[in-house]
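I opened this entry to look up the fold, the surface and one loop.

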Amino acid sequence: MTRRSVAEEIESAADRIADMTRADLQIILRRAALMLRNVSGVPLEPATEDALNSIAAEMKIGRSDLIQIVLREWLETNAYLPVVPTIDEESETDGSA
């Protein structure tokens, strides 16, 4: 069961709460609780958390986007991921190496 389907099921139950049996409502709530319990975040030290939030704000990107960028670059730098070359179409070159 995906998060989206659980969310849709909860919304549907909210729309027809008067028609829901107690047992059905318990099942839906237990699924939602299980889904929430299984969402794992990475606990960070307060100094690291503050640094990430500051950098994300400075770069005007979301915190999770910043974490993905940092992690990908670390994995590429340490040869755990292949480096995908990027070509900057805007840069000017003279054609010599």
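The entries below run from the whole chain down to single residues.

I worked on a predicted model, where local features need pLDDT of at least 70, side-chain atom pairs count only at pLDDT 80 or more, and totals for chains, interfaces and linings use all residues. Residues are numbered from 1 along each chain as its sequence is written, and side-chain values use heavy atoms, with hydrogens and water left out.

Fold. I found 4 helices and 0 strands in the chain. Helices (H or I, at least four residues) and strands (E, at least two) are DSSP runs, numbered from the N terminus. The pattern along the sequence reads α-α-α-α.

Of the 97 residues in the chain, 8% are buried. Buried means under 20% relative accessible area, exposed over 50%, partly exposed in between (1.4 Å probe, protein chains only). I then looked at contacts (heavy atoms within 4.5 Å). Among those with a separation of 6 or more, 20% join residues 24 or more positions apart.

Surface. The chain exposes about 8600 Å², and carbon and sulfur atoms supply 56% of that area. Accessible areas come from the Shrake-Rupley method with a 1.4 Å probe; for residues, only the protein chains shown count as cover.

Helix H3. I checked its span: 14 residues reach 20 Å from first C-alpha to last, close to the 20 Å expected at 1.5 Å a residue. The expected span is 1.5 Å times one less than the number of residues. Just after H3, Lys 60 has a positive phi of about 60 degrees.

Loop. Leu 44 sits between helix H2 (22-37) and helix H3 (46-59). Leu 44 is partly exposed, at 30% relative accessible area.
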